[in-house]
Amino acid sequence: MPQGRSPILELDQITKAFGGVEALRGVDFALYAGEIHGLVGENGAGKSTLMKIIAGVHPEFSGRFVLDGRETRFRSVRDARAAGIAMVHQELSVAPDLSVAENVFLGAQPTNRFGLVQWRRMAREAGEQLARFGIDVDPFSRLGDLPIGLQQLIEIARVLFSGARIIILDEPTSALSPPEVERLFATLRRLREEGTGIVFISHFIEDILRVSDTVTVFRNGRKVADAQVADTSKAALIEAMIGKGREALEETYTDDIPLPPPSDRPVVLKASQLSLARSLRDVSFEVRSGEVLGIYGFMGCGQLELARILFGKLRPDTGALVVAGDEMAFRSTAGARRAGIAFVPESRRAMLFHQEPVYKNISISILDRISSLFLKPSRERSIAGRQVEQLQIRPAAVELDLGMLSGGNQQKVALAKWLSYPPRLLVLCEPTRGMDVGAKNDVIHIIRDLRARGLAIIVLSTEPETVLSLADRIVVLKRGAVVREFADEAISKDRLLEAA
Amino acid sequence: MVAGGSVTGSAADRKPPHKIATMLRSQMRNIAPFLTLICLSGFFAAASPSFATLDNVGNILTQVSVTGIIAVGLTFVILCAEIDLSIASIANVTGIAVAYFTLQESYVNIANVPLPGWAAILLALALCALLGLVNALGLTVIGIPSFIMTLAMMQIAAGISALLVRGQIAYKVPDLIVTLGSSSIGGIPWIVIVAALMLLGGHLVLTYTRFGRYVYMVGGNREAAEFSGLNVKLILGSVMVISAVCSGVGGMLGVAHFGSAQQNEFDTYLLDSIAAVVVGGTSLFGGRGGIGNTIVGLFVLGVLNNGLDHVNIDSFLKILIRGLILLAALVINVYAQRLRARAVE
């Protein structure tokens, strides 16, 4: 183990600011060969920023960067790659229009002596690599046609097998199913034996404790603790992360949770026999006012498509949607909004305008209700200000560009835009994905509050905890079909996982 | 208070160390074109005594008017991260159409259809709106990228122009168009006034109306606009029609301004208009910029074109110099985008 050896990577007093906001303040960090180093910390604590510095994404920072005992400075991601450092980013970064094989070999296709790509060799090797990782897929198929979870696995595989000696994984497990996580961990352990240095960022502290050797905790741009995994515990890490004992916040859901008896309030949305090509088969359900319907399933089970059908973005091949008694035409997202449906997609990037101020992000969906031909900016600002206050969005400045906010606060803005004029039905995809304990808890409270106000809410998630913490009824989707519905009974995480 | 909020809150509440630098960086998109304009004006004023005169300012204003009218609509299109390559052709066909419906002198050998002036103007406007609508439908309903769709429209409009004039030149246009295109009021050419009013109108629409906000949001992040429940197709379609109608107005006044309507008359206006919008700092990636930027861009082009005539250099070299200066402006545009992205990050 690391003691007594010199690290392959050593960072000394790293400081980095974005537009005047310091994201990292005097952070030291060391990584050894043959080590899996877990990083934990709340959103905005600086983990990803530090890793992006290591991967050459942020070339400007202050502090010493020592690789193999020599002080180095990367000017770009290419420099970092050349030095053997590769990173899997939190957001998917693949080329959807290229084949699986091309994605696996992106930027490093095998060529013959004339410089021509050796397609068959590339496909064969890509297939072998993916098979080692437990992925069985045609190397020639278009990557964008595969489910998102599989795309993420392929991206991870590309980095893992790139031959890099330092591998950084930023939230790699958030879109993966439990068996996929197992395969990832097995591969990480094998790479560790081969002497690779691995940094593993995750919000799932159990995962960190299971796979890492060392763990470092970040808070507020500083490193606040580091420990050998053997010497620490989940409670200790959570305490270091958020500064005081708040482990009670994160329930484990191993015990039975009682689901309430069926409600007799009016049905807000009734979906019947929805089918869509290869994604969905005869999906039917209903959701009532003042009720949260959880739709749970592994990545690729069709929930993303289902959510898009509900918001008019995709048109189902067959089936009907009845909203408050009127049949929906599935024509456009604008039509869905007019029918009183609100939607928060699984990716914040797909929902928000990063270069626009917070208040414009919040007002965009209600402009036609608060203004006619001409805008009323003061009204927009006051409405946005109220939402910022109610949802405790920080910093509480409606003029700030959205991109300056941390992920958790951005997610709150994504919710805030629908709440000034509450919709009939709120469709939320992965409302707490990639969020820290505190922000997660905030969002859960916001959603419960909305339910109390009589909204019908559909929560689609691949995280059992999210569904269990919110839902009154749970529908389990598997390969595009409803396989189980839980209502008026006690349920636990194991039973939910078992059903999926 | 929750932990997540307080952590980021305290990080951002502290005084940013380089507030002015950050602001300058994020405003680079607007500052750079303006500096370019000042430098160019300063250079030409120093190089030629005839440049910095009131008369010449009037010349420049008149010279950029037609481009300015066309660029109003194009600004909307580019703000949506689309492009319209048919603007010059639509200007041309609209100018030809308004002449086609006007009684020509007997020596003009065009089988035209003389109508009252108002009818000719309305028909010409309907024609350009219709062509814009075709662009809009191709882009939004069929899903053809605007670059290709408007490339086809460029040919279609040129084809209609060719069929209408058959290689001939028409001279007469309705009186209203003659007045607006080629006469002055109180020493100020009407065409300058029309251009100024249209630029002002475009600015007001983009800045103060709901539609204008939607244009910026669609350009800033189209997916997010759609998931916010905006009718993205309607907005994209509208900007294509606006662009075509602005081009049509520019074409009609241009015909009166030049004194003739003929094939290929507006060819240079395609690149000039795109250059004016982009040099002014409106992002080709959408969501950033505006009419204010377009105005600065128009003046950069106007000063450049006009100034090069005042200094004594090889007229063939001028084309190259223009190209190089435009390139420099575009480089600045891209860098400004990057600096801003970094400031926002």
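These legends accompany several views of a predicted model with chains A and B.

Local features are given at pLDDT of at least 70 and side-chain atom pairs only at pLDDT 80 or more, while totals for chains, interfaces and linings use all residues. Residues are numbered from 1 along each chain as its sequence is written, and chains are lettered from A and ligands numbered from 1 in the order in which they are written.

**View 1. Chain A as a whole.**
Chain A has 17 helices and 22 strands. Both are DSSP runs numbered from the N terminus: helices are H or I with at least four residues, strands are E with at least two. Its radius of gyration is 24 Å, close to the 23 Å from the globule rule for 500 residues, so chain A is as compact as a globular protein of that length. The radius is taken over C-alpha atoms, and the rule is 2.2 Å times the number of residues to the power 0.38. A box of roughly 70 × 50 × 50 Å along the principal axes holds the C-alpha atoms of chain A. Of the 500 residues in chain A, 49% are buried. Buried means 20 or more other C-beta atoms within 10 Å of the residue's own, exposed means 12 or fewer, and partly exposed lies in between, with C-beta atoms placed from the backbone. Among contacts in chain A between residues at least 6 apart in sequence, 69% link residues at least 24 apart. A contact requires C-beta atoms, placed from the backbone, within 7 Å.

**View 2. Chain B as a whole.**
Chain B has 15 helices and two strands. The C-alpha atoms of chain B fill a box of roughly 85 × 55 × 35 Å along the principal axes. Buried residues make up 51% of the 345 in chain B. Of the contacts in chain B with a separation of 6 or more, 79% pair residues 24 or more positions apart.

**View 3. Helices α13 and α14 of chain B.**
The axes of α13(B) (residues 267-279) and α14(B) (residues 291-310) come within 6 Å and cross at roughly 120 degrees. Axes are lines fitted to C-alpha atoms, for helices over the stretch in contact, and angles run from 0 to 180 degrees between N-to-C directions. The two helices are therefore oblique to each other. Angles under 35 degrees count as roughly parallel, over 145 as roughly antiparallel, 65 to 115 as roughly perpendicular and the rest as oblique. On the α13(B) side, the contact uses B:Asp272, B:Ala275, B:Ala276, B:Val277, B:Val278 and B:Val279. On the α14(B) side are B:Thr294, B:Gly297, B:Leu298, B:Val300 and B:Leu301. By class, eight of the contact residues are nonpolar, two polar and one charged. Ala, Val, Leu, Ile, Met, Phe, Trp, Tyr, Cys and Pro count as nonpolar, Asp, Glu, Lys and Arg as charged, and the others, Gly among them, as polar.

**View 4. Helices α8 and α12 of chain B.**
The axes of α8(B) (residues 175-182) and α12(B) (residues 232-258) come within 7 Å and cross at roughly 75 degrees. The pair is therefore roughly perpendicular. B:Ile177, B:Val178, B:Leu180, B:Gly181 and B:Ser182 of α8(B) meet B:Met252, B:Leu253, B:Val255, B:Ala256 and B:His257 of α12(B). Seven of these residues are nonpolar, three polar and none charged.

**View 5. Helices α9 and α10 of chain B.**
The axes of α9(B) (residues 190-208) and α10(B) (residues 210-220) come within 5 Å and cross at roughly 75 degrees. They are therefore roughly perpendicular. From α9(B), B:Val205, B:Leu206, B:Thr207 and B:Tyr208 meet B:Phe211, B:Gly212 and B:Val215 of α10(B). The contact has five nonpolar, two polar and no charged residues.

**View 6. B:Ser50 in its loop.**
B:Ser50 lies in the loop between α3 (28-47) and α4 (54-79) of chain B. B:Ser50 is exposed, with 12 other C-beta atoms within 10 Å. Leaving out residues up to four places away in sequence, B:Ser50 touches B:Asn56 and B:His310. The C-alpha atoms of B:Ser50 and B:Gly307 are 9.4 Å apart, although 257 residues separate them along the chain.

B:Ala81 is not a glycine, yet has a positive phi of about 65 degrees. B:Ala81 sits in the loop between α4 and α5 (87-100) of chain B. It is partly exposed, with 19 other C-beta atoms within 10 Å. B:Asn264, also not a glycine, has a positive phi of about 60 degrees. B:Asn264 sits in the loop between α12 and α13 of chain B. It is exposed, with 12 other C-beta atoms within 10 Å.

Notes: Contact = placed C-beta atoms within 7 Å.
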